[in-house]
Amino acid sequence: MRKQFILTAAAAALLANGAWAARGDDGHVNILYWQAASILNPYLSGGTKDIESSSLIIEPLGRYDENGNLVAWLAEEIPTVANGGVAEDLTSITWTLKQGIKWSDGTDFTADDVVFTAEYCMDPNGGCQQETKFADVDTIEALDPHTVKITFTVPKPFPYGPFTGGESPIIQKAQFLDCMGPNAPTCTEANFGPHGTGPFRVTEFRANDVISMEANPNYRDPNKPAFASLTFKGGGDAASAARAVLETGEFDYAWNLQIDPSILSSMAEAGKGTVVSAFGTGVERMMVNLTNPAADLGEARSTVEGGPHPFLTDANVRRALSLAIDRVTLSEVGYGDAGKPTCNVLPAPAIYASTANDECLVQNVDLANQLLDEAGWMPGSDGVREKDGVRLSILYQTSTNAVRQDTQALVKQWWGDIGVETELRNIDAAVFFGGDQSSPDTFQKFYADIEMYTNLFNGTDPEAYMNNWTCDEIPSPANNWLGNNMPRYCNPAYDDLSVQLSKTAAIEDRAVIAKQMNDMLMQEGAMIPLVHRGRVSAHINTLGGIKLNTWDSELWNAADWHRVK
Amino acid sequence: MSDTGLVNPESPWGEVWVKFKSHKGALIGGTIFISIILLVLLGPMFWDVDPQRLNIREKNQGISFAHPMGTDQLGRDTFAQVLAGGRVSLAVGFTAMLLSLVLGALIGVLAGYFKWLDGLLMRSTDLFLALPLLPLLLVITMLYRDTLRAAFGPETGIFLLIVFVIGITSWMQTARIVRGDVLAIKEREFVQAAKSVGTGSSRIITRHVLPNILSPIMVSATLGIANAIITESALSFLGLGFPSDFPTWGRLLNDATAFITLSPERVIWPGLAISLTVLSVNYLGDGLRDALDPRQRGR
Amino acid sequence: MLNYTLRRLFFAVPTLLVISFLIFLLLDLAPNDPTGNLPMTIPPEVREKIRISLGLDQAIHIRYIKWLEQFFVSEPLHVLEQWFNISIGDSESRVRVQSWATRSPAFDLIAERMPQTLWVVGMSYVVGILIALPIGVISAYRQYSWFDQVGSFISMVGFSVPTFFTGVLMIVVFSVKLEWLPSIYDTTLEVVDLDSFWLQFKQMIMPVMVLGLFNAAQLSRFMRASMLDNLNQDYVRTARAKGIREKSVVLLHVLRNSLSPVVTVLALGIPTVFGGAIITEQIFRVNGLGQLLIIGIQGADIPLVQTLTFIFAILIVLFNLIADVLYGVLDPRIRYE
């Protein structure tokens, strides 16, 4: 009797807090992304805006929580070697699906849908943008309506590629059956309004503008979502998005507000909203070109064949360039709460973060000057250091972005202080990252001495990311400049470690190897890491339940969002 | 602007000068305009702060003795930047405007006067109007930036590129307007009379047609300067123009817009500079037009 | 005149074909790429496969001919089918012009955005004309009066200060400080009653005024200059000497003869109404065609950009033709034969 009373009281208390309200009680919520969603199928568009907007509708088997832990979503539990879900030889993984889950059209969610999703993305003619999620997959089969077994062609120490994270959600077989391969792009209706298992479903989709959604009547938790309807508006720029949440309160949530931190904090002073930030794996870094980018080399420009760089191959120069930079100021000025200085390209998750390179955290102009003096680089008549007729003159390129241009200006000044001349160049992002073979301005061609951008990896496993800097990843005309090793770094010892990593299963051992790889890259100066970048978003004070997640879609827990009364 | 006794008031140019002098707006406009030019040319001698020098501890400051126009988000002195930016913006604005004006007027006059050229020239105008600007700029930059940079150095090379790009993409309106006016003037009595006494085409164009289409050309010129200064900032913003640490008025205005709530005074200076330049050129143009107007002469 | 119009219409076809090919060539040459905005986590090999799935591995002339077929055959047939609810030939496998980013027919995207564009950008032109014509006429008639001076000053400042600044300024003043107007245009709003009309009106004020003032500044300058030229003409003196009332001299004779540059500017401006106003739409998040175009260009969505710019080219050719015809109407002395 007494126990029952306590339970009721607890329930009443929860109700009073508004956390246990029924589905749809909290009315309407407005979400603002300054890039508009163009499609609701992440397999056909890997853009963050498309992945995150569709994550409100379609869901994966497992996803990462705000701390980067894998949690079961449409599956009963995350399969591991310990619970028998992953085979001892690491070549297969078996997922058990939750019972009783329904699609938004009322039909049952089964293992067939999961198998179909894999077939859909692995079709060679479909142009699937999440193909890497299904790397090394041999077969996927439905053992029974609630069990799916994935077999790999090689042992996979990290078998959580397929069906985890916002990039790899399950789509409904019945809806996409006729959309396989070459037909994928023509299924406009399905791509604009996929049936899902998630908390919301589409009522109207306007490409590159706005999506209207309502609560999914068949969502598995009868009390969620708290919002009856949702608007996902896109377009504009980050500054006005921040303004619409923090200053005018027209919107409830704004995504990825990479604007000058002093502007953001002055907007937050209006008191209508809160700025939230969290850190993932992104690092703003400089790539150091170890090959010669001189224009007179023609085709051999910035290739291994073209020969080494005239001065960046000198380890002292690279170390001096890194030491001259004040990373604390860079992160304060450009990123505020969403940045911290780092000396690693692999700063997170914590288990992988090395402390061996922390020398660079403190700016040391004297040491930088001393290094250059000792290496024989002496200031010429114009103050720029030179040796044997080679001047320390750097062309420093990056994509167009206000924060990056501020960083460039600051770095130029610091390098000027150690006698290094810098010419700045910024290139439109669509060109810089575009990889057009005919353009000289892509980050792969790297026709400059230094280039700067952010790189990161999805989920928590760094293996694929660390493989970016092996010898055969070097971009060159031979592989159509398709490669990730921008510094053109090549060290057989590094390649050996990469092979070793792919064979190691225990996470502690993997961490040791990954750290070694990171330290090797840092100490040999292939890259100059600058700032460990977080994600900044903002929500209005009356919106509760926000857990900013940088490991998965930011909207991953939208089912729990509610109005704070 | 002192009165020189060297000009003979009886000659036609002397008469123009006399009329120009008596035009109050033109005098004020001219004075302001020359002051702006002197200021941006000579200003850096008196205010020798490096416009690119950062001082992060003095960022986002208001007006003070050390910084008469405040500082930006990296602590650069806004006054020094406005001075340095003025030289670039004025140079780009004027050269690009002249290029587009000459192109536009030439094509407009030829198309309006010679019927056999009309079809070809006006269809090319349609083509240039239809080409999407941004991809065009990307292509031009991609093709010529490195060549120009190698030939003239980074700054002059980009200057030439920008002037060319703005000139080549903004002459069409002038050409259409000029052509429309020429079509009408060609049929006027005085042109027909000149034709009937056997005056050559080039003489008719320079003596009778051009003086009568001066006003739209002057308006195009004033609007053209503003347009060129703003377009330059858009180009730089897209990474197609000058390096990001190279101040120009348009760029300063663009950057300052983001800080409009934090340091509102910052947007005023470049905005004021552009507006003053355009206004003064406008009044200069008005005066020049009145002075050159054949019907008002000798009234 | 009819003869001339027909001949021009006939020559418009080859002109447009040449223009369309040049645009296609230009877009193909441009160094931006459809995979450029994808996250860094998508590796280069996958990007290459995406390009191939979009057909970028085919030769340019094949892609151009495909687009021509889709634009001039598939799309008109589709429209006919929709209108008359019939099916012509093999309508199931007919491929329409597909946007790469959204994987949907480009024409559907354009049709969806047409109403907002016409409302906002079109209205701004109407506002611009309504402001510019009287200002232009009065400031010319009363040259160097205080009205003229103030008008000149405002229109010059209006033209020198770009929309990227006035837009943000208006938002800060009217949305943030005064909280009168919304800073974000709600494109899902449907006008059904007086309340929703009022909301629509409120959200249209800022974008329309920003654009309208910019347009007015330019138009009023040309109007004024042209009026000034005509006010000094002999026929004005003759008309006055004849004792015609001043009002009709100015409004009937001078205004009519001064409209040629205004007609030109308007004819150049109307296609840009359909082309949208890129910066203003971006600032206020109006889902107009300008915004669609800039998203398409940034994402190198070639079929979409090609289709949009080509429609734009058709309008330019058409309205320049209309302007040429209007010159003849306004000034009967102009002959084209």
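Predicted model: local features only at pLDDT ≥ 70, side-chain atom pairs only at ≥ 80, totals over all residues.

Author: Residues are numbered from 1 along each chain as its sequence is written, chains are lettered from A and ligands numbered from 1 in the order in which they are written, and side-chain values use heavy atoms, with hydrogens and water left out.

The lining comprises 19 residues, and B:Asp181, B:Ala184, B:Arg188, C:Asn230 and C:Asn257 lie nearest the centre of the cavity. Two or more lining residues come from each of α7 (172-186) of chain B and α7 (194-231), α9 (246-275) and α12 (302-330) of chain C; helices are DSSP runs (H or I, at least four residues), numbered from the N terminus.

By class, the lining holds seven nonpolar, six polar and six charged residues. Here Ala, Val, Leu, Ile, Met, Phe, Trp, Tyr, Cys and Pro count as nonpolar, Asp, Glu, Lys and Arg as charged, and the others, Gly among them, as polar.

The volume of the largest cavity is about 240 Å³, and the whole structure has 15 cavities of 30 Å³ or more. A cavity is a set of points, on a 1 Å grid over the protein atoms alone, where a 1.4 Å probe fits but cannot get out; lining residues have an atom within 4 Å of a point. Grid points are joined across faces, edges and corners, and the volume is the space filled by probe spheres set on them.

Note on methods:
1 Å grid on protein atoms, 1.4 Å probe; cavity = no way out; pocket = protein on both sides within 12 Å on 5 of 7 lines; lining within 4 Å.
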